[in-house]
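Try each task before reading its solution.

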Amino acid sequence: MLARRLVSFFKNSPSSKLSSNGTSVNDEKNKLFAGKAVSFILITVTGGVALSAVDDLAIYHGCSRKAMEKAGKNQAIINAIGEPIKKGPWYNASLAVAHKRHSVSCTFPVYGPQGNGVLQLKAVRNGDDNWYSYVLPRDWEILIMEALLYVPGNEEKQQTLRISLLENAPSPACVACTECKPQQSENQEKK
């Protein structure tokens, strides 16, 4: 059905030697084809931009959902802004994707009954690019996550707290590099 519509979209009008205003039929066909081609290109570009926007929104929701799970379990954040911790509006968030949408940097607002703040995170996507990766939710691994919280005080000024949410993550074991050999400097080689 779509193919028929595209064919009829690009189909030429019945040919005659001269049109009613005296111009040749080929000139009218060229103008008609150019107009249809420009329309098709504009619709295609608009669709591509819309698909990219929807994909960015899906990335934001996936990352922010995982970050909110971690924030809801962190006692320091709960003590600072209270429970329940809620995510702010998506239009106040910022999102930067890189490496063919495999890495993301995201900042979004959060608030609670005692204060508000901003969660900042950097994450990488697990898995490979498949045709269904645009449909299914993606699995993100959060590498770095911080909360910058603004807590109003009763007697003093507003407090600003910076809390790292991945402090309890085990650091990788240090392994001494035994395969590396120190390189000699150029001065030692000349002697």
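A residue counts as buried when its relative accessible area is under 20%. Keep in mind that this is a predicted model.

**Exercise 1. Which pattern do the helices and strands follow along the sequence?**

Solution. Begin with the tally, which is four helices and six strands. Next, read them in order to get α-α-α-β-β-β-β-β-β-α. Finally, look at the contacts with a separation of 6 or more: 50% of them join residues 24 or more positions apart.

**Exercise 2. Is S103 buried or exposed?**

Solution. Locate S103 in strand β3. Its relative accessibility is 18%, so S103 counts as buried, the cut-off being under 20%. Now list its partners, skipping residues up to four places away in sequence: S103 touches A96, V97, A98, A123, V124 and W140.

**Exercise 3. Which residues touch the most other members of the largest nonpolar core?**

Solution. This core has 26 residues, and I77, F108, L119 and L121 touch the most other members. Then trace where the core comes from: α2 (25-73), α3 (75-81), β3 (103-112), β4 (115-126) and β5 (139-151) each supply at least two of its residues. To finish, zoom in on L119. Beyond its neighbours within four places in sequence, L119 contacts residues including A67, M68, A71, F108, V110 and M145.

Key. Residues numbered from 1 in each chain as written. Predicted model: local features only at pLDDT ≥ 70, side-chain atom pairs only at ≥ 80, totals over all residues. Heavy atoms only, no water. Core = buried A, V, L, I, M, F, W, Y, C linked by side-chain atoms within 4.5 Å. Buried < 20%, exposed > 50% of the residue type's maximum accessible area, 1.4 Å probe, protein only. Contact = heavy atoms within 4.5 Å.
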